[in-house]
Amino acid sequence: MLTISDQFPLFKEYSADKVLTYLDSAATAQKPLSVIQAEEQYYRQSNANPNRGIYELDLRATEIHETARQKVANFIGAEFPEEIIFTQNTTEAFNLLAYSYGMPFLKEGNTILITVMEHHSNLIPWQRVAKATGAKLVYLYPDENGHFSDEELQSKICDGVKLVSVHHVSNVMGTLSPIAKITELAHQIGAVVALDSAQSIPHMPINVKELDVDFIAFSGHKMYGPMGIGVLYGKKELLEKMPPFMSGGDMIDFVSEQESTYAPLPRKFESGTRNVGAAAGLSAAIDYMQDLGYDKITAHEEELMVYAMNRLTKLPFITIYGTKNPKERFGVISFNVNEVHPHDTATILGNDEVAIRAGHHCAQPLMRFLHLTACCRLSFGVYNTTKDIDTLVESLKTVRRIMGFES
Ligand code: C6P
């Protein structure tokens, strides 16, 4: 088991007299010192508007931005750095995809296929594309454990489907989607596949070649990097034929009064001043994860998941949503304290300095599918230990007591 919380300044600096039990890393991860320092160092030593000036400082800023792009490309096994488009976050990545691929290339008679487990950022943009183009938005439904049957996949990934956009790991159920089967079936019928890796990249290695997906989206802030930077990876031949999303400065080649031509990849999709400080932080986050090694990260998180499931399933007043097999869950456990509103649970835990999330988790169709209005969710990062789970369990017992139950 890793014990590395001292590499994360927030745990020391949060309070002089309180100990934080942070179990909300699926919302955003805490940052190691090296990430904080990389962003600070950029602003102290290299801050300029990249791709504009031809003086030393500007060349430094441009180099930091492009080095980060190359680092992301290597990290996820992309062939070309220009296949990496920097966005603000996963949400912007999906909007880019919806506006630059969905709007121009989909039409009436086409189907967009997603799952009922998607985060709203991989759902609302497709609703808008469907409304604007006349394409149909169709859903894959899982069983109660979050698994999709072969029959469901085979019957829905059929003629007419042009785009399949699915989660890699669900932010509520914690389960892995059957992405190999999905890409195999989708590519057989010429559909493109987009993968939401926001909740997988903090926990498992991602290789775009092995996954054979056409697009991948993720956020820097969930993988120990800063807020304000995310990634859309796309296969070069697809990105090349897509029109720009946002337009304005830096994404152009030649501009006349009525017409413009656009810059080559990746700048066609990166208009306006870029977040170079966040790119520096993201580079440092990738270094941090690589130094730690995914082998250690996955072993640590598996141990935590086994421990947490074991302790939680022994509490008679807890209902867990989705599979109880810890080997099938990554990073998150969604649950409720029986007969207690999830916001009451989260508030009482918060009073004990135990930070979890309660609500619909930006997945309202999934909540309805599970016959819930809301639930609690705990989620792990590399800094959590079994002690955090023990603290949570004690605090859950307090919830029951305060709400007037004996156990
Ligand atoms: N989920 C959670 O607490 P952004 O906000 O753009 O960085 O990430 C959006 C997003 C997309 N897909 C998945 C699977 C996600 O979990 C998230 C973010 C956070 O579950 C905040 S709502």
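**View 1. Asp250 is found in the loop between α9 (236–241) and β9 (252–255).** Welcome to a set of close-ups of a predicted model. Although Asp250 is not a glycine, its phi is positive, at about 80°. Is Asp250 buried or exposed? With a relative accessibility of 12%, Asp250 counts as buried, since the cut-off for that class is under 20%.

**View 2. Phe8 and Tyr224 form an edge-to-face aromatic pair.** This is one of the 14 aromatic pairs that the structure holds. The two ring centres are 6.1 Å apart and the planes stand at 65° to each other. The pair joins distant parts of the chain: Phe8 comes from the segment before α1 (9–13), while Tyr224 comes from the loop between β7 (215–219) and β8 (230–234), 216 residues apart. Both Phe8 and Tyr224 are buried, and for Tyr224 the relative accessible area is 2%. Take a look at the backbone here too: Tyr224 has a positive phi of about 75° without being a glycine. Which residues belong to the cluster linked by ring pairs? They are Phe8, Phe11, Tyr224, Tyr288 and Tyr383.

**View 3. His221 is placed in the loop between β7 and β8.** Tyr224, from the previous view, lies in the loop between β7 and β8 as well. His221 is buried, with 13% relative accessible area. Leaving aside residues up to four places away in sequence, His221 touches Ala27, Thr28, Ala29 and Lys31, and also Pro226, Met227 and Ile229.

**View 4. Tyr141 and Phe369 form a stacked aromatic pair.** Their centres are 5.9 Å apart, with 25° between the planes. Tyr141 belongs to the loop between β4 (136–140) and α6 (150–156) and Phe369 to helix α13 (residues 364–369), so this pair ties together parts that lie 228 residues apart in sequence. How exposed are the two partners? Tyr141 is partly exposed, at 39% relative accessible area, and Phe369 is partly exposed too, at 29%.

**View 5. Two lysines lie over aromatic ring faces.** Lys236 is placed over the face of Phe80, 4.2 Å from the ring centre. Lys241 is placed over the face of Phe105, here at 4.9 Å from the ring centre.

**View 6. Helices α11 (residues 294–313) and α14 (residues 386–402) pack with their axes 10 Å apart.** The angle between them is about 20°, which makes α11 roughly parallel to α14. The crossing of α11 past α14 is right-handed. From α11, the residues in contact are Leu304, Tyr307, Ala308, Arg311 and Leu312. They meet a set of α14 residues that includes Ile389, Leu392, Val393 and Leu396, along with Asp390, Glu394 and Lys397. A helix rule is handy when you look along such a contact: an α-helix has 3.6 residues a turn, so residues three or four places apart point the same way.

**View 7. Helices α4 (residues 90–105) and α5 (residues 124–133) have axes that come within 9 Å.** They cross at roughly 20°, so α4 is roughly parallel to α5. Here, α4 passes α5 in a right-handed crossing. On the α4 side, the contact is made by Phe94, Asn95, Leu97, Ala98, Tyr99, Gly102 and Met103. On the α5 side, Pro125, Trp126, Arg128, Val129, Ala132 and Thr133 take part.

**View 8. Helix α7 (residues 179–188) has buried residues that pack against other elements.** Ile179, Ile182, Thr183, Leu185 and Ala186 are buried in α7. What do the buried residues of α7 pack against? Their partners are α6, β5 (161–167), β6 (192–196) and α8 (208–211). Just after α7 comes Gly190, whose phi is positive at about 75°.

**View 9. Lys162 is found in strand β5.** At 34% relative accessibility, Lys162 counts as partly exposed. Lys162 and Gly190 are 28 residues apart in sequence, and their C-alpha atoms are 7.0 Å apart in space. Not counting residues up to four places away in sequence, Lys162 touches Leu106, Asn110, Thr111, Ala191 and Val192.

**View 10. The peptide bond from Leu265 to Pro266 is cis.** Its omega is near 0°. To find the spot, look at the loop between β10 (260–262) and α10 (276–292), where Pro266 lies.

Terms used. Residues are numbered from 1 along each chain as its sequence is written. This is a predicted model: local features need pLDDT of at least 70, side-chain atom pairs count only at pLDDT 80 or more; totals for chains, interfaces and linings use all residues. Side-chain values use heavy atoms; hydrogens and water are left out. Rings of Phe, Tyr and Trp (its six-membered ring) pair if their centres lie within 6.5 Å; planes under 30 degrees apart count as stacked, over 60 as edge-to-face and the rest as tilted. Helices (H or I, at least four residues) and strands (E, at least two) are DSSP runs, numbered from the N terminus. Buried means under 20% relative accessible area, exposed over 50%, partly exposed in between (1.4 Å probe, protein chains only). A charge sits over a ring if NZ of Lys or CZ of Arg is within 6 Å of the ring centre and within 35 degrees of the ring normal. Axes are lines fitted to C-alpha atoms, for helices over the stretch in contact, and angles run from 0 to 180 degrees between N-to-C directions. Angles under 35 degrees count as roughly parallel, over 145 as roughly antiparallel, 65 to 115 as roughly perpendicular and the rest as oblique. A crossing is left-handed if the near helix is turned anticlockwise from the far one by less than a right angle, and right-handed if clockwise. Contact means heavy atoms within 4.5 Å.
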